[in-house]
Amino acid sequence: MKQLLNVFLFVTMLLGLSACEKEDKDMFIVEGERNFSITKEGDMISVILRTTQDYRVTSENNWCIILAKQPIGFKIQVDENTTVRERENKITIESNIGAPVVLTVKQEAGELFFRMDDSEKTKQFAQEGGTQIVALQTNLESYEVVAPAWCTISEKTNEGFKITAEANSDFRREETLLVRAQGMEDIGILVKQNGEPLLKNSYFLDGNFEPWVIERSAENVFVAGTWIPSSITDPEKGRYRAIKIDTGGASQGSIFQTVNGILDGVYTLTFIAQAGGSSTDGSDLWLVIIDSEGNETVESIFAEARGGWRTITRSLTITGGKVSIGLRATRGSNKGIWFHALGFVLE
């Protein structure tokens, strides 16, 4: 009888050990919380497992990233929420035994943002038009772009939009495009486009002066000559002519061009000039600007143009849609000044 009892105990022990081994072999337990609440800044979640099984982890959305997957568990990196909505993600843990375990990650909404780098706030288009991309950063669901009539807006996204400018057959133009969103400060973009030159016939091609208007007391005041700076390499250079003041005696004259229909604003006048001689006998040469009201601004430029070809630049504030630009010269005697100029540009 005692021998039968010992056999029974031995069999029972073997069965118990076998059960333990089976339990250890098939163990798959996910410990801890199943639901997580995360701030908008994001966080790292640690998930603890007790398992002897291989397992798989899948995330519904890529803002939760599975890291450091090991038999004892893994980590979940929750990215910052840059959207304006609260969001939720399901993470499923599966093995070859037992039912899948689902973790829920909820994250609060991010802060509203609506911004643009300063480098994006000016767009320059060629006269023939074209398309440019404006980069924008926002998590707003919608925004509005108020554009000039000659611009078309397309492909609006949270990362920006495209501006297409049509060809410009008129003068240079510039307007402010506004990007607007409810509750946010407007963002302004200065949109510029080249056009027909404001000053025509800047190089007096083939000796023609039109539409410049000339008044002179002698035939060799403000005439066209072939004094062209060597720095100009344009293929059209052979047709250029510089205006000339170089008389054998006392003389005076002027050359002007009037621009109408110009937008109010600040413009830059540039031309190339050289001068020589002496102004001790009262000779001089002036840059003259006449505004829409007929008021003249007169400035001597003789000294600035001496010593070789010089680039002369002036900033002009134009109002009233009209401006006249020109040169006025007086030569006192044979010892007076001489002067050459060309390349007049207003932009």
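The largest pocket has a volume of about 220 Å³, where a pocket is an open set of points on a 1 Å grid over the protein atoms alone, with protein on both sides within 12 Å along at least five of seven lines, and lining residues have an atom within 4 Å of a point. This is a predicted model, in which local features need pLDDT of at least 70 and side-chain atom pairs count only at pLDDT 80 or more, while totals for linings use all residues. Residues are numbered from 1 along each chain as its sequence is written, and side-chain values use heavy atoms, with hydrogens and water left out.

Of the 14 residues that line the largest pocket, Pro197, Leu198, Val345, Leu346 and Glu347 lie nearest its centre. The lining of the second largest pocket includes Arg172, Arg173, Glu174, Asp264 and Glu347. Strands β16 (173–180) and β22 (265–277) are the elements that give two or more residues to this second lining, and β22 supplies its largest share, 4 residues.

| Pocket | Volume | Lining by class |
|---|---|---|
| Largest | about 220 Å³ | 6 nonpolar, 4 polar and 4 charged residues |

Ser95 is buried, with a relative accessible area of 11%, buried meaning under 20% with a 1.4 Å probe and protein chains only. The side chain of Ser95 reaches the backbone oxygen of Ile97 at 2.8 Å. Not counting residues up to four places away in sequence, Ser95 touches Phe28, Gln53, Asp54, Tyr55 and Arg56, contact meaning heavy atoms within 4.5 Å.

Key
Buried < 20%, exposed > 50% of the residue type's maximum accessible area, 1.4 Å probe, protein only. Polar contact = N/O pair within 3.5 Å; in protein donor to acceptor, adjacent residues only side chain to side chain. 1 Å grid on protein atoms, 1.4 Å probe; cavity = no way out; pocket = protein on both sides within 12 Å on 5 of 7 lines; lining within 4 Å. Points joined across faces, edges and corners; volume = space filled by probe spheres on them. Nonpolar A, V, L, I, M, F, W, Y, C, P; charged D, E, K, R; others polar.
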